[in-house]
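Here is a short briefing on a protein model. Look over the sequence and structure first, then read the points below.

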Amino acid sequence: MSERVTIERTYPHPPTAVFDAWTDVEILGRWFGCGVDTLWQIHEWDPVPGGAIAVSMEIEGQRVEMTGRFDEVDRPTRLRYRWGADQTVTAEFRATTDGCHLTVTHEGAIGDGMAPVLTGGWSASVQQLDDELHSRLGHRVGRRRDAKPS
Amino acid sequence: MSAPTLDPVFEALANPARREIVTTLSRGPSPTPDLAEAFDISKQALSKHLQLLESAGLIARRRRGRTDEIELVVEPFEHLTTWATTITDVWNHNLDRLATVLDEHQSPS
């Protein structure tokens with residue numbers, strides 16, 4: 001099964017500046033993380049098609065590593081990289097009158113053995129099931145414990 | 001970031017009949033004879049579906065007199081929605097930080 005999350009922001013900076021914040025390791029290292037105040041340590045970040053990605057961080061004393069690979073690098077409009085074995089992140093940069101509109105799409109396949117799920121029409125019915133379950137689960141589906149409002 | 005126990009959940013839910021059962025149970029626990037009647041399927045077929053749902057940890061059985069009452073276990077469903085919630089959180093934090101970094105980094109041009 002594949003899930004997709006899309007986040008959009010507008011920044012009062014030209015697309016080149018926003019784009020470069022994704023490819024310049026010095027800038028990237030100041031914002032690219034996982035959670036409120038945990039940043040990735042960037043070991044490899046080679047923003048050319050086929051270029052390698054290797055990052056790590058310490059979470060509760062445990063070292064977490066992540067690798068990936070750039071698929072598309074098209075300054076200053078589009079960046080796409082594989083994240084881990086089965087996730088893809090696409091960043092699209094669009095010029096606006098006073099800055100840059102950024103769209104980040106994060107797609108993830110959860111686990112292996114998903115073929116029977118896909119052929120079983122899962123994706124068509126997941127929304128329906130979600131809706132049905134929402135009222136029952138809604139109050140229990142919250143933010144992660146460590147995710148505090150910033 | 002993703003829950004390791006999801007595969008059996010998705011496999012159990014890959015079948016439309018089992019999704020129907022889950023949807024019905026989301027409204028409340030139900031005795032097995034009622035389920036068999038509601039879905040117009042044989043006891044054997046129902047029993048097979050329930051077995052799969054049970055081994056995926058999606059339902060629990062409770063003995064009620066002579067029949068079993070089937071109840072939905074909500075925790076696995078929470079994982080289904082939290083992948084998206086977690087990823088959204090991560091990117092919201094990242095893109096907030098990016099705004100700050102861009103403001104700091106901007107040189108007059």
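In chain B, residues 24 or more positions apart account for 55% of the contacts with a separation of 6 or more; contact means heavy atoms within 4.5 Å. This is a predicted model: local features need pLDDT of at least 70, side-chain atom pairs count only at pLDDT 80 or more, and totals for chains, interfaces and linings use all residues. Residues are numbered from 1 along each chain as its sequence is written, chains are lettered from A and ligands numbered from 1 in the order in which they are written, and side-chain values use heavy atoms, with hydrogens and water left out.

**Chain B: make-up and sheet**

- Chain B has 5 helices and 3 strands. Helices (H or I, at least four residues) and strands (E, at least two) are DSSP runs, numbered from the N terminus.
- The elements of chain B follow the order α-α-β-α-α-β-β-α from the N terminus.
- Of the 109 residues in chain B, 45% are buried. Buried means under 20% relative accessible area, exposed over 50%, and partly exposed in between (1.4 Å probe, protein chains only).
- The 3 strands of chain B form an open sheet in the order 1-3-2, with antiparallel pairing. Strand 1 (30–31) and strand 2 (59–64) of chain B are the edge strands, and each pairs on one side only. Two strands pair if DSSP finds at least two bridges between them.
- Strand 2 of chain B is joined to strand 3 (residues 67–72) of chain B by 6 bridges, and the two run antiparallel. Within this pair, B:R61 stands opposite B:I70.

- Strand 3 (residues 52–59) and strand 4 (residues 62–74) of chain A run antiparallel, joined by 8 bridges. A:I59 faces A:Q62 across this pair, standing opposite it.
- Strand 4 of chain A also runs antiparallel to strand 5 (residues 78–83) of chain A, with 6 bridges. These two strands form a hairpin with 3 residues between them.
- A:R69 stands opposite A:R82, and A:D74 stands opposite A:R78.
- Strand 5 of chain A pairs with strand 6 (residues 87–96) of chain A over 6 bridges, in the antiparallel sense. A:Y81 stands opposite A:V89 here.
- Strands 5 and 6 of chain A form a hairpin with 3 residues between them, and A:G84 in the turn has a positive phi of about 70°.
- In a regular strand the side chains alternate between the two faces of the sheet.

- A:H13 is in the loop between strand 1 (2–11) and helix 1 (15–23) of chain A.
- A:H13 counts as buried because its relative accessibility is 3%.
- The side chains of A:H13 and B:D103 make a polar contact (2.7 Å). A polar contact is a pair of N or O atoms within 3.5 Å; within protein, one must be able to donate a hydrogen and the other to accept it, and residues adjacent in sequence count only if both atoms are side-chain atoms.
- Leaving aside neighbours within four places in sequence, A:H13 is in contact with residues including A:D98, A:C100, B:L102 and B:Q106.
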